Amino acid sequence: MSKLRGTGIAAVNYPTGMNLGGDPSQALVHATTSGSFVVTLSATDLGQGLRTVIGQIAAETLGVAFEEIVVDTADTDTGPHDMGTFASRATHRVGNAVILAAREAFEALLDVAADEFEASRDEIVADGEGNLMVKGVPARSMRIAELASMAQFKYGRTIAGRGAWMKPRSEVDPETGAMDPDSTEAHACTVAEVEVDTETGEVAVLSIRSAYEVGRQVNPDLVQGQIAGGAWMAMSHALYETTAPYYPSPEHSPKDFSEYLMPGPNELPEIESVVLEIPSSNGPYGVKGVGEMTANSPIPAIVNAIYHATGVRIDSLPVTPEKILRGLDELAAARAEGAQG
Amino acid sequence: MTAELKVVGQSVRRTDGLGHVTGRTQFTADRHFSGMLHLKMVRSPVHHARLLGVDTSEAERVPGFVAALTAKDVPHNRYTILSLIGVEPEEEFVLAEDRVRFKGEAIVAILAETEAAALEAVAKVRLHLEELPAVFDVEEALAPGAPIVTHWGTNTFMYEGHPCRRVRLGDVEAAFAAADHIVESRYDTSPIEQAPIETTGCIAVPEANGRYTVYTNTQALYFSLDNTSIILQVPGNRLHFVGGTVGGGFGGKVDVIVEPIATLAAMKTNRPVRFVYSRSEEMQVSSTRSAWRIYFKDGVMNDGRIIARKVTSYADSGAYSRQTPYSLTKHAANVGGPYAIPNVSIDAYCVYTNRQPSSAMRGFGVTMGSFALEVQMDKIAEVVGMDPWTIRFVNAYRNGDLRPHRKHAEDATLIETIQAAAELVGHELPGEFRAMTSAARERVDGEAR
């Protein structure tokens, strides 16, 4: 019996969005009497933090503090159409729609400021601190919140904007597969280190270290959350999970988490990452997307590391202790045969 | 530009985090309405059978029983989620008609005053089934004489006249003949459960104004609303869908399964109806990640360059395709990998079996392709005697390279990402790879990109 260590790498690209039938998202933005801005969407937050990053994108575009943004999601009576939250599309699509809506609202705000300052619109600038002012004349400056309120009570105007962003449908050529399948691609490279117990066939993942290139990060902590969660899910896919433990037989399928195995806190490896930011040409502020891809490269990296540790190549997931022990037995038998021959 | 950004790029605290960790976030199933009924489903106990009859007489005598709905109660019972974007044919049944195609398929919806009464009534529904041979393996399903799962007579989804999604670039057979090495492998993956903490569910509430408010944890409100409108044959303006915080999706909440039948039940009874999956329904009935079988054949030169790649992939869609036809297209677009390979041939099959349907899951069509592809890259490295870092640099794509799907690469940063990973783990790269970039290759004048 021994514990063998090995290292494996894998590198992947990952596409943002779906091309299948056109991929639209829409957003509305309006100002309230107190000068807050409401972003209205039908898009849904899955717990990944969509509401938060959309609030950041709206705040950035409007030149106000994050706290001034209210994000109203997931209601078909109020929110304009959205395709849905999947395919790593939400931050990219909804973010682009929100920028357009926020810009249109901002234009309306500039009209109010121009009238109030008795200046021409192109003289008005935002300072990024929540104020609009006449360029070069700090004395003629006013809180955006105050201007938004004035729009309602003094000028009787809406401060509102609409935004729609769509990846047009790409028909696939049925003969050659020629298509435009995505908007942009993010990248990852993972180095995994494992320790394999040759007595039990159990694999301990010691570390998952990755580089990610995801375009712009809107919220680095949320990106880190995706990377850690994805590393866990990938490890779980590589070594544990199946709804058909005797695949292709459908028998003995699990009914709950006592039968459906997943790694627990004790099994978690060291997870470390570095994030490169190389902005995309078409995402909001250069976003590419980091939603789905973090569960990808660690899977082959772990499987390659197991080979590096043991010499056993396993080409079917999940890599169970049984498969490793059988592989070790086959290796030993082949070596014995080689020694005899 | 980065220096000018003030809010984007900041790790502001997420707005919903405190609610989650203090238990104050309201999820769909946390809502309660007076007079709310519970919906539980009578499901097929076998993998494949003719459905000859249903007897609910004993179930109707259970105290608290309110109603039983069968296929004839559903106005447009046969549907396809992606018909919204032109995918055909309509193939899945809200409630089974004359055949059940997987163990767990919905047959009768029972409505009762309590969850316990609904479960008791479900257990008392008698099904008259005539079991049929079933198939569970993607290649067995395509063999002559296999049991046919679909209502149109083949076990593959058809892509504009082809039984698979095809990608073709160059001439793989000529390149295999010219290659120094051929590397072939088969890869298999198991079906996987999305495993959200919150199970799939909704509550449909009749409103006084004749509309229906549907509280749902779907990932795609308009997918659900528009499909419900089609299935129930009611105008969309009578439906109001409200989402909110989803307790994990991972693709498992993109299908439209619970809303149409719950809304129909609310219409029939004029009572709020709650239909929330149990954990065993989530695991045994709701869509999984597909099982995959992927064959790779690569032609490789002694210097490590891959000059030809042929991939044949089968995704097990289970009894109904749901979102899986799209998965195969996405798979075919991506399984060539982030590498510059001049000759590529990909056949990706969406195969029907008598398994519980599969559908979307994180990395749809790509994750398992990446597993096969990146293990394959390691094998290629070994065959040509290179280390696993080198083989990836030698083949890495650059901006402007022609991809197998004939779109020129843009936003390619594989090289920079591998360099960053090497630095992170302290792996020393040779100078030529440290100096490499994803910038477009220099081209001879007049050469077509």
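1. Ground rules. Residues are numbered from 1 along each chain as its sequence is written, while chains are lettered from A and ligands numbered from 1 in the order in which they are written. In this predicted model, local features need pLDDT of at least 70 and side-chain atom pairs count only at pLDDT 80 or more, whereas totals for chains, interfaces and linings use all residues.

2. Chain B overall. The C-alpha trace of chain B spans about 80 × 65 × 40 Å along its principal axes. Chain B has 13 helices and 17 strands. These are DSSP runs, numbered from the N terminus: helices are H or I with at least four residues, strands are E with at least two. Of the 449 residues in chain B, 56% are buried. Buried means that 20 or more other C-beta atoms, placed from the backbone, lie within 10 Å of the residue's own.

3. Contacts within chain B. Take the contacts between residues at least 6 apart in sequence: 78% join residues at least 24 apart. Two residues are in contact if their C-beta atoms, placed from the backbone, lie within 7 Å.

4. Domains of chain B. Domain 1 covers 28–132 + 194–284, and domain 2 covers 165–192 + 288–434. The bounds come from an automatic or database domain assignment. The C-alpha centres of the two domains of chain B lie 39 Å apart. Contact between them involves 18 residues of domain 1 and 17 residues of domain 2.

5. Chain A against chain B. Chain A gives 98 residues to the contact and chain B gives 93 residues. On the chain B side, helix H12 (residues 414–425) supplies the largest share, eight residues. That side of chain B divides into 40 nonpolar, 30 polar and 23 charged residues. Here Ala, Val, Leu, Ile, Met, Phe, Trp, Tyr, Cys and Pro count as nonpolar, Asp, Glu, Lys and Arg as charged, and the others, Gly among them, as polar.

6. Strand S12 (residues 316–317) of chain A pairs with strand S10 (residues 181–189) of chain B, parallel, over two bridges. Pairing requires at least two bridges found by DSSP. A:Leu317 stands opposite B:Thr189 in S10(B).

7. A helix pair in chain A. Helix H1 (residues 50–62) of chain A packs on helix H2 (residues 90–117) of chain A at an angle of about 35°, with their axes 9 Å apart. The axes are lines fitted to C-alpha atoms over the stretch in contact, and angles run from 0 to 180 degrees between N-to-C directions. The H1(A) residues that meet H2(A) include A:Leu50, A:Val53 and A:Ile57. By class, this contact has 13 nonpolar, three polar and one charged residues.

Methods. Buried ≥ 20, exposed ≤ 12 C-beta atoms within 10 Å, placed from the backbone.
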